[in-house]
Amino acid sequence: MPVDMELEAVLRPMQYPMPPYPPKVIVLANGKKMVIRQAVREDVPAILKSVHPCLFIERDYYDIVSARLYGELLAWYRYRVKSEYCLMGQVDGYLVGIVNGRLENEKVGMSYHTLAIDRGLRIGSHLFAAKMEYHMDYMGQDEVLIVAESPIGFRRWMVEYPLEETKIPHELGGGDSWRLTREIYLKAKPRLVVGDRPVPQELMDEAMLEIKFADDDTIRERIAGLKGR
Amino acid sequence: MKKEIAITAFKCKKCGRIHYPYHDRCLGCKHREFDKIKPEGNAKLLTYTVIFNLPWGFDQRFLVIGVAEFENHVKAMGQIKADSVDQLKVGMTVIPSWEPVRVQYGEDVYGLKFEPVE
Amino acid sequence: MRDVAVIGAGMIPFGRRDEDTLMDMLSFASLKAMDDAGLGDKSVDAVYVGNMGAGMLQRQSAIASSLADRLNLLPAAADTVENGPASGGSAVKNGLLAVASGYYDYVLVVGGEKMREVTGWRATDFVATMTHPQAEYPYGITLPGMAGMFTRLYMEKYGVTREHLLAVSLKNQEMGALNPFAHVEMALDRDGIFDSPHAIVNNPVSADPLHLYDLCPVSDGAAAIVICPLDMAKKLSKPPVLIAGFGQATDTHTLQERDDPTDLKAVTLATQQAFERAKLKPSDISVAELHDAFTILEIAESEHVGFFKKGEGGKAAAAGKTRFGGQIPINVSGGLKARGHPVGATGVAQIVDITFQLRHELPKNRQVKNAQTGLTVNFGGFGNNVLAFVLKRVEQ
């Protein structure tokens, strides 16, 4: 398809410079080690393969969360969103969870979504915490605006941190934003943000080598937990 | 204004056993007549916990709850005014009060609260 | 009184079963038990359904009549039995008494619950409705909260430690990972839930001093058995399992009104009755399914039923005495901790698991060698209504 490169350049939003998120490793309840690292734009097609099967799972609003995440990551890949980033969790190289967000400006972050592809291991909690860690500790932001699209998210973020209610609209267009301030973050950090750095070389090499993704049925079973009768 | 603790306990007229909540027959001797008594004085903390994952109707992150025994031996459950269990100890003195413990149908529901004493 | 035997047992995998209604689950488990018993097109004389929350969670009442219709057990007698988390055990008891008395010959007992119909907040509230409506419930107390307060007292009195609780948690999850019917088919790692600093997120405090992995999950599920007089059971192909004894006892509604809140009197009394009826003693038991809704309960019950002296249960668990292959294997199924705890189903599921054990039909990694006798304890409220069953293999 011919592309008008001049127009394309006009449509691309500006990007704030973002320092890299230093990877970390977390031991999970089952003893497996999850590497959390930052995705680069070129990783998006591989990540989308794991998001795709989640589009058809109604349970816990996986469909809406993954549909939006799919669009957000695609927008990042096609240069249609300002200052987006994506962090991912990998176990044995397999993608087990994704979080993303962006910078509204240098001081205010906009949290997008958290998708745990493996359930029951607090992967979502760890990844969301990593996202807040990125905004606060590495990008030095003052606050992050957050909404929950599932009751589980509400419990994990709004209640567990606990976040501050605001009347500020969130760009996802749903309920008003809840806010993580630096003060709330620092208070919650000791009980919610964990991980070891640096990641041992062999684990890092395994994660970097390939973003492996389980087949569609496995992903659906892990999330929906559907077992035979 | 401090509200009166609206709990009534029941002392068996035959064996003196104190009951809260109400029973139609004494847990000790099965007698059916009781004197109504009010919890008196401060209380001693018998056990406690901090609960996360609260039931529907509670929006906070956690609740500290315990059971305490009043000076006249009435035992009752209540919410504890504490930010964590680190400041609590079995056997410590707590000061009881009657305050809102939850909201139901838009109305405050009153119950026992215990304030730990250093 | 006639001797009564289990001649059919079946259950469906516990977990989160969004696609099934409560009636689906009750029906699937019933058919499995009826087929296992070889009933074919024959019916049963009566059905007892153990369930705690259909009225609250599904807004459905009279589920036993509905099940009789759905399975075409018509015109069998049908009753729903509600006794909190001991509903399953109570349903078994009702069936047992009906057959033992000579009134009915073939009885289907099924227990089921669909708890994941609602969010965690609602499910927690639903379970909390068994606490005292004036003296406990308004404060926001939950069953894990009751267990937390009980654990604190038990730790202080008997020296139970987090290490002891951890041993139960690791053991039951390890066994659950081998059980295809278990809700949580995942073994846990000591580092991940205890030793590592990351455990603070993986295994946070849930109801101090209990942590997340000290608690059973909230599950959907159903389990069923078919029982009949032992005389009639002997003609069947599978070895009948004799319900050699049962006992049931109650205790005060609130913990604070017990003379010693660490003394689970109803567990002791129910088990003693069951042992007396069965003419057996704790040391005769090959395998036990105890109601470990919280890890502390497995430890406390292992003492109250007489396997260990008071204060020794935690140490015994940590020393591996209650593991598969140990002195007295407890919760080889994974227990409530890993198999899950659909409240109305649990008491029946425990009998199903012991039946499988006593028929020697489990895979090697779960089959207790030469198991001859089994004990189940189904714990209602916070120990205010407890049922115990002693089961025995009958050689044909």
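Colleague: What share of the 396 residues of chain C counts as buried?

Modeller: Since this is a predicted model, the answer describes the computed coordinates: 67% of the 396 residues of chain C count as buried. A residue reaches that class when 20 or more other C-beta atoms lie within 10 Å of its own, and in chain A, which has 229 residues, 41% count as buried.

Colleague: How many helices and strands does chain C have, and how should I read its radius of gyration?

Modeller: Chain C contains 15 helices and 11 strands. Its radius of gyration is 19 Å, close to the 21 Å that the globule rule gives for 396 residues, and chain C is therefore as compact as a globular protein of that length. Taken along the principal axes, the box filled by the C-alpha atoms of chain C is roughly 60 × 45 × 40 Å. Of the contacts in chain C between residues at least 6 apart in sequence, 77% join residues at least 24 apart.

Colleague: What do the corresponding values look like for chain A?

Modeller: Chain A has eight helices and eight strands, and its radius of gyration of 17 Å is close to the 17 Å from the globule rule for 229 residues, so chain A is as compact as a globular protein of that length. The C-alpha trace of chain A spans about 50 × 50 × 40 Å along its principal axes, while 64% of its contacts with a separation of 6 or more are between residues 24 or more positions apart.

Colleague: Which residues touch the most other members of the largest nonpolar core?

Modeller: The general idea is that nonpolar side chains tend to be buried together in soluble globular proteins. Here the largest nonpolar core has 238 residues, and C:Val47, C:Ile227 and C:Val348 touch the most other members. The element that gives the most to this core is helix H15 of chain C, residues 343-358, with nine residues. If residues up to four places away in sequence are left out, the contacts of C:Val348 include C:Gly50, C:Val92, C:Val110, C:Ala224 and C:Ile225.

Colleague: Where should I look for a strand of chain C that is largely enclosed by the rest of the structure?

Modeller: Look at strand S10 of chain C, residues 373-380, where eight of the eight residues are buried, so the strand is largely enclosed by the rest of the structure.

Colleague: Which strands pair with S10(C), and in what sense do they run?

Modeller: Strand S9 of chain C, residues 287-289, pairs with S10(C) in the parallel sense over three bridges, and C:Glu289 has C:Thr376 as its bridge partner. Strand S11 of chain C, residues 385-393, runs antiparallel to S10(C) and is joined to it by eight bridges, with C:Val377 standing opposite C:Ala388. S10(C) and S11(C) form a hairpin with four residues between them, and in the turn C:Gly381 has a positive phi of about 55 degrees.

Colleague: In what order do the three strands of the open sheet in chain B stand?

Modeller: The order is S2-S1-S3, with antiparallel pairing. Strands S2 (18-19) and S3 (34-37) of chain B are at the edges and have a single partner strand each, so one side of each is left without a neighbour in the sheet. Strand S1 of chain B, residues 9-12, pairs with S3(B) over four bridges, and B:Ala9 has B:Ile37 as its bridge partner.

Colleague: How many residues does each chain bring to the contact between chain B and chain C?

Modeller: Chain B brings 31 residues and chain C brings 31 residues. On the side of chain B that touches chain C, the strands that each supply at least two residues are S4 (43-51), S5 (63-70), S6 (75-80), S7 (93-104) and S8 (107-116). S4(B) gives the most, with six residues, and by class this side has 21 nonpolar, eight polar and two charged residues.

Colleague: How many bridges join S7(B) to S4(B), and how many join S7(B) to S8(B)?

Modeller: S4(B) and S7(B) run antiparallel and are joined by two bridges, with B:Lys44 opposite B:Thr93. S7(B) and S8(B) also run antiparallel, joined by 10 bridges, and B:Arg102 has B:Val109 as its bridge partner. In the hairpin of S7(B) and S8(B), with two residues between the strands, B:Tyr105 takes a positive phi near 50 degrees.

Technical notes:
Residues numbered from 1 in each chain as written. Chains lettered and ligands numbered in written order. Predicted model: local features only at pLDDT ≥ 70, side-chain atom pairs only at ≥ 80, totals over all residues. Core = buried A, V, L, I, M, F, W, Y, C linked by C-beta atoms within 7 Å. Buried ≥ 20, exposed ≤ 12 C-beta atoms within 10 Å, placed from the backbone. Contact = placed C-beta atoms within 7 Å. Nonpolar A, V, L, I, M, F, W, Y, C, P; charged D, E, K, R; others polar. Pairing = 2+ DSSP bridges. Rg over C-alpha atoms; globule rule 2.2 N^0.38 Å.
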